[in-house]
Amino acid sequence: MNVALEELVRQKERLELPAFSTLDRMAARIRSAVEASQCEAIVSRMSDAARERVAGMLEVVGGEYQSLFAWIKQPARRATWSRFRAHAERMERVDGLGDAVFWVGKTPSAKVAALAEQARVLSVGEMKDIAEPRRTAMTVCLLAQVQAAVRDETVVMLSTRMSRHLKRAQEELLEIEKRQKETTVQLLATFRDVLTALRGSGEAAPGAWEGEASLDDLLALKNARAAIEAAGGFEAQMAELEALDAYRGSNYTALVERFFKPDRPTMFKIARRLSFTETSTDRSVLDALDHVLAHQHLTRPLVADTHPTRTDENGEPVRLDLSFEPKMWLKTVYSREQPGMLVRRHFEAMVFSCLVEELRCGDVAVIGAEDYGDWTRMLLPWEQCEPKLAGFCEQAGIPATASKFTVRLRERLTTIAETVDAGYPDNKDLTIDPVTGVPSLALRRAGERTASAEKLEEALSERLPARSVLEHLARAAHWTDWWKRPGPRSGSEPKLKEPLPRYVTTAFVYGSGLGPAQAVRHMRGSVAAHELGAIAKLHHPGSQPVRRRRRQRPRRPGPDRGVGNGSVAAVDGTMMDTVIDNLLAETSIRYGGYGGIAHHLVSDTYVALFSPFVPCGVWEAVYLIDSLLANESEAKPDTVHADTQGQSFPVFGLAHLLGIDLLPRIRNFQDLTFHRPDPQLRYRHIDALFSADPRTCIDWQLIENGFKDLMQVGLSVREGTVSPVTLLRRLNNHSRKNQIYRVFREVGRAVRTTVLLRYLSDPQLREQITRATNKAEAYNGYTKWLHFGGDGYLRSRDPELQEKAVKFLDLMANSIIFSTTVDMTDTLRQMAAQGWELSPDDIAALSPHRRDNVLRFGDYDTATLHIPPGPYDSALRLPADGL
């Protein structure tokens, strides 16, 4: 419709602008016709046997309790030994249903995803009500997504299992080292006895026969043997010495095999089922994997370190390139008795361990996977990037040529360094140790609340009207029309009799964590549990929880110093406990729980803009860019604050390319390396900050040479061909073979050093970062308080339903903040009319994250949700400032 409107406006002299309903009907008719042709194309690529097999997925065969259609939609379980083995069988069974990727063909990925999501939320009975060929096409699209997802899940399970084996080996080594302390003492005692026995022997007499020993020598040797036998014998003592030598230097690799052994059959089965490909010219790990698979059937302990099929020009077998092995593994996998031979069991464990690392950093990809697919193939071809380069650079505020891009980045770092150096004598907060170069900042305490601010807070709490959570939600829904954003997966209008009350109730039930069965007991029969469950299952909550109307822009009461304009945001994660048996949940050392992370992007206007639900084991910074790009609200922040988890070299680099000013609050910044812009540059006051190692200087030539790669990645992220999460999870410090990572790391070094210098020299910036991150942390605490049902747990194992619960919680929190702000404005206006002297500074100290005016418990009245509240006035109009 937007394209049609643009064309009609362009040709307004020849064409008449029709009514919106006419355009709506035309767009719906065209969409239906295009979708029908796409469904027919999918079905036409299937054989009769394939169509019959796909149709049979909707039937329950004898001996089964559910259909294949319902079975393939089940989420992955926790990566235990039995679940891991069952998942390998699941992948084999899913692949056996047919080549869904071929059937889908060149159907646009957005259409495939839309059809698959519609099929995912429908039951078997509802699918049977859909006419052909649409029903078969929806099933095929779902199957294509499941086949990709099952590969990603398999890699995650493989990674989790190998990580667990390595961790258990390290824990076992600690126990061995404790026991070896006693062994070392015993060996030293034995060695002392041997030395004591040998010390009494005299030297052989001159001219004695070769090999002839005196009686004293024989007696000493006998005593030495007796001492060894008393300690357990030669074999036992040699075994103890071998054990000590094997684990010397905290080498736990020799212990991995015993924990790897139970998973060995499943891992070999997975390795044969998955198709791996290298993303660089180095395929040494895959060659080692081929070697392992070729010798899987052997029972002998040793195998040669030569390739089973390759030979050189002389016909000699080619030796495997094991340069990717960590040094501690080399000592374990090579036989000491037979050079050139590998200890097969240890070699297998090492190869799978290295394979997991290669998959994590993207040097090895899985064909047919999505998250672990070949991300280099997702990048836009350079031929498509060139026409868009100028516009992209202009939007991001960066030069469009390699030389100018590098020069500006270099000048920026050089200028800030010179400015900080010149201002150091006047910087009373910053102290740099002249010997160690460690910087320290004087602690600035936040100003205490004034007595008048405390009095205003108390008076406001007494006057604010207390409302139930449902009432707050309904008021925000009427004022902002957020209820129009959720809807069915098909994209059609919701066919609910009263959509506003239903969406408000659903948001409360799932956002609070009560669940439909418990919540309806407090609603006096006004709604049934199955109705709420169906809405939550079949409808999406909308990508943006509360979208404000342009013609009514409510704001928090008070001056702008207490609240921003949406240009600044902060990201922070908070732990949400889940049930144990799901693949996403992990134990978090940082948060001290088991579950996942609700990663909130919180605006300086106090509300959340976007919140994905992510695993605990992932560095949270990889989701920062994705949250910014996925944000569809009117607030478009270009400055983002975070904590230590919100930064890394690649994230700094990508944020710079997208025109985002990333300013995190980094813990222990004193331990970070400050990179010199030039090895010859020296500074009078702050030179000790920078590393003296010339290798840490910024490689500007590398950045200039990699400009094309930088632009290709930036454009691909902006155009959506590659997810920033997929990209940043691959660009990490394990990406030794990745040239793109090295370029991003170098840009990130320059940007991070610039940010650190700004942080040290600008107290106002530090206050802004602290204020923004405190808002994000306060929002996290507020959502935890609102998620009071079900003991705070996310009960579902389905990642999609977990994400929905987080979105509904955001929707509930934002609506309450919005409604509370309106009440605060009305109450302050009434207080001003009653003669209160309201100071702008006192009002700026107020927060909308209030709890005293929110009634969480009791009966929930849904009968009045459809009644709109009166209009609101967002202007406070204080006499002091004329607002």
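User: Where in this model is tyrosine 606 found?

Analyst: In this predicted model, tyrosine 606 is found in the loop between β14 and β15, the latter spanning 608-610. Its phi is near 85°, a positive value in a residue other than glycine.

User: Why is tyrosine 606 called buried?

Analyst: Tyrosine 606 has a relative accessible area of 8%, and buried means under 20%, so tyrosine 606 is classed as buried.

User: What makes asparagine 668 partly exposed?

Analyst: The relative accessible area of asparagine 668 is 45%; since the buried class lies under 20% and the exposed class over 50%, with partly exposed in between, this value therefore places asparagine 668 in the partly exposed class. The residue sits in the loop between β18 (661-662) and α26 (700-705), and its phi, near 55°, is a positive value in a residue other than glycine.

User: Why is strand β12 described as largely enclosed by the rest of the structure?

Analyst: Strand β12 covers residues 568-577, and nine of its ten residues are buried, so the strand is largely enclosed by the rest of the structure.

User: Which residues touch the most other members of the largest nonpolar core?

Analyst: In that core of 82 residues, they are Leu654, Ile686, Leu710, Met711 and Leu757. Helix α29 (residues 739-761) gives the most to this core, with twelve residues. Apart from it lies another core, of 55 residues, among them Ala519, Met523, Leu786 and Leu865.

User: With which residues is isoleucine 686 in contact, leaving aside its neighbours within four places in sequence?

Analyst: With those neighbours set aside, isoleucine 686 is in contact with Ala417, Val420, Asp421, Tyr424, Ile432 and Leu757, where contact means heavy atoms within 4.5 Å.

User: What makes the peptide bond from glutamate 132 to proline 133 cis?

Analyst: The omega of this bond is near 0°, and the bond is cis. Proline 133 has its place in the loop between α8 (124-128) and α9 (134-199).

Conventions: Residues numbered from 1 in each chain as written. Predicted model: local features only at pLDDT ≥ 70, side-chain atom pairs only at ≥ 80, totals over all residues. Heavy atoms only, no water. Buried < 20%, exposed > 50% of the residue type's maximum accessible area, 1.4 Å probe, protein only. Helix = DSSP H or I, 4+ residues; strand = E, 2+ residues; numbered from the N terminus. Core = buried A, V, L, I, M, F, W, Y, C linked by side-chain atoms within 4.5 Å.
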